[in-house]
Amino acid sequence: MSESGSASSLVAETVWKEIESTRTVSDDQLWTLHFIFGKNMEGAARIVDQRGVSRISGNPSGRFVFQVTGESPRKKDHYLCFPHHFCACYSFFYDVLNRRQQLSCKHQIAARLAASLGVYVELNVSDEELALLLSKI
């Protein structure tokens, strides 16, 4: 990743921590995140507004993964996502990993925003069910 990408990541991380500490997001924080993530931040905000982020937690381990609903009106795809490291969507592989044009896909940003604000839908499953879900990635 370039130096500017690294600096942007550090700024974004600072903003995420501020949001997590208050469970609210200010206009300035939204502007900063939009400046860093661009159109992906807009899509992420729409997904969070539509309650499209679920946290699937395994019991008894407490391990979890986020499931984020896509925005396509024709098909409501669901993507398994680890906000800091991975999303199963095409954009993550193409724009984030391959072309390195984005720091994160909109699903990762939506999961991070929902987690920071505490506004995700909580789904509890057994550890075995969680493992089976993750094995399909």
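Is Y120 buried, partly exposed or exposed? I looked up its relative accessibility: 23%, so Y120 counts as partly exposed. The cut-offs are under 20% relative accessible area for buried, over 50% for exposed, and partly exposed in between, with a 1.4 Å probe and protein chains only.

Ground rules next. This is a predicted model, where local features need pLDDT of at least 70, side-chain atom pairs count only at pLDDT 80 or more, and totals for chains, interfaces and linings use all residues. Residues are numbered from 1 along each chain as its sequence is written, and side-chain values use heavy atoms, without hydrogens and water.

**Aromatic pairs**

I found eight aromatic pairs in the structure. Rings of Phe, Tyr and Trp (its six-membered ring) pair if their centres lie within 6.5 Å; planes under 30 degrees apart are stacked, over 60 edge-to-face, the rest tilted. The ring centres of F66 and Y120 are 5.9 Å apart and the planes stand at 80°, so this pair is edge-to-face. It links distant parts of the chain: F66 lies in strand 2, Y120 in the loop between helix 5 and strand 5 (121-126), 54 residues apart. Helices (H or I, at least four residues) and strands (E, at least two) are DSSP runs, numbered from the N terminus. F66 is buried, at 4% relative accessible area.

**Core**

Then V53 itself. Beyond its neighbours within four places in sequence, V53 is in contact (heavy atoms within 4.5 Å) with residues including F66, A110, A114 and Y120.

**Helix 2 and helix 3**

The two axes come within 6 Å and cross at roughly 125°. Axes are lines fitted to C-alpha atoms over the stretch in contact, with angles from 0 to 180 degrees between N-to-C directions. Helix 2 is therefore oblique to helix 3; under 35 degrees is roughly parallel, over 145 roughly antiparallel, 65 to 115 roughly perpendicular, the rest oblique. L30, L33, H34 and F37 of helix 2 meet K39, N40, M41 and E42 of helix 3.
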